[in-house]
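Here's a quick tour for someone meeting this structure for the first time. Have a look at the view below, and then we'll walk through rings, loops and pockets.

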Amino acid sequence: MKKEDCYFLGKITRRHGLHGNVFLKLDTDQPEMYNKLDSIFVDINGLLVPFFVAKQAWSKNETLIISFKNSTEALVDQVVGKDVYLPLSGLPKLTGNKFYYHEVVGFEIREEDGKSCGIIESVNDQTGQHYFLLNLAGKQVVIPIIRDWILELNREEKYLKMSLPEGLMDVFLVPSKKDE
């Protein structure tokens, strides 16, 4: 399995007890989608290694407690602190203006009049307000992700049409490192 065929699910943060269990901190706003995991892929030294789940339960803080099939102390030591992935093929297809963040990287953002705001280079979901980070003629542009601003998502032509407030592009234009 290649990393580009997968999406980031979360991170194994630490051990749980003495019986080979681990805590898996999920990076999702829909944890209920992961009530029954059969297997996961753990990034070990750049390779995605499959691990089969024997049992799982929810902790009090909405972290998964996982027990692997044929778990050993060495296996647990190997996975603690590692990132966990699942295949993209397991995600349900979204329609309309709904999208997964990973799927719109490389899409163009256009204003209502069709003017280009740039190409999405990445999505930051580590802050209170998630945002797109764009490249427009060598400059970085930050566009907040506000669902009401999204007018159209065109998967075939790879663009998002957004209703952006006047002057937003001027405010969120970030100077590149060489301009500073």
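A charge sits over a ring if NZ of Lys or CZ of Arg is within 6 Å of the ring centre and within 35 degrees of the ring normal. Keep in mind that what you're looking at is a predicted model. With that rule in hand, take Arg-147: its charged end sits over the ring of Phe-99, 4.7 Å from the centre. Another case is Arg-110, which lies over the face of Tyr-159 at 3.9 Å from the ring centre.

**Rings meeting rings**

A pair of aromatic rings is described by the distance of the centres and the angle of the planes. Rings count as a pair here if their centres lie within 6.5 Å, and the count comes to four aromatic pairs. One of them joins Phe-51 and Phe-68, a tilted pair with 5.3 Å from centre to centre and 45° between the planes. Why does this pair tie together parts that are apart in sequence? Phe-51 belongs to strand 4 (residues 47–58) and Phe-68 to strand 5 (residues 64–68), so the contact bridges parts that are 17 residues apart in sequence. Both partners are tucked away: Phe-51 is buried at 7% relative accessible area, and Phe-68 is buried too, at 3%.

Phe-99 and Tyr-101 make another tilted pair, because their centres are 6.3 Å apart and their planes stand at 40°. Are these two buried or exposed? Phe-99 is buried, with 5% relative accessibility, while Tyr-101 is partly exposed at 22%. Ring pairs also bring in Phe-132, making a cluster of Phe-99, Tyr-101 and Phe-132. Phe-99, then, has a place in this cluster and also carries the charged end of Arg-147 over its ring.

Most residues other than glycine have a negative phi. You'll find Asn-70 in the loop between strand 5 and helix 1 (73–79), and it is exposed, at 73% relative accessible area. Lys-158 has a positive phi as well, about 60°. Its loop runs between strand 11 (150–154) and strand 12 (159–162), and Lys-158 counts as partly exposed at 48% relative accessibility.

**The pockets**

| Pocket | Volume | Lining by class |
|---|---|---|
| Largest pocket | about 910 Å³ | 13 nonpolar, six polar and five charged residues |
| Second largest pocket | about 230 Å³ | five nonpolar, one polar and three charged residues |

Which residues lie nearest the centre of the largest pocket? They are Asp-27, Asp-29, Tyr-100, Tyr-101 and Asp-125, out of 24 lining residues. Strand 1 (6–16), helix 2 (101–104) and strand 8 (116–124) are the elements that each give two or more residues to this lining. Strand 1 gives the most, with three residues.

The second largest pocket has a lining that includes Leu-88, Leu-91, Pro-92, His-102 and Arg-155. Tyr-100 turns up in this lining as well as near the centre of the largest pocket.

**What the record says**

An unreviewed UniProt entry annotates residues 102–168 as "domain: Ribosome maturation factor RimM PRC barrel". In the model, that span is 6% helix and 51% strand, and its end C-alpha atoms lie 24 Å apart.

How values were computed: Residues numbered from 1 in each chain as written. Predicted model: local features only at pLDDT ≥ 70, side-chain atom pairs only at ≥ 80, totals over all residues. Heavy atoms only, no water. Phe/Tyr/Trp six-rings, centres within 6.5 Å; stacked < 30°, edge-to-face > 60°. Helix = DSSP H or I, 4+ residues; strand = E, 2+ residues; numbered from the N terminus. Buried < 20%, exposed > 50% of the residue type's maximum accessible area, 1.4 Å probe, protein only. UniProt positions renumbered as here; feature names shortened; annotations may be inferred. 1 Å grid on protein atoms, 1.4 Å probe; cavity = no way out; pocket = protein on both sides within 12 Å on 5 of 7 lines; lining within 4 Å. Points joined across faces, edges and corners; volume = space filled by probe spheres on them. Nonpolar A, V, L, I, M, F, W, Y, C, P; charged D, E, K, R; others polar.
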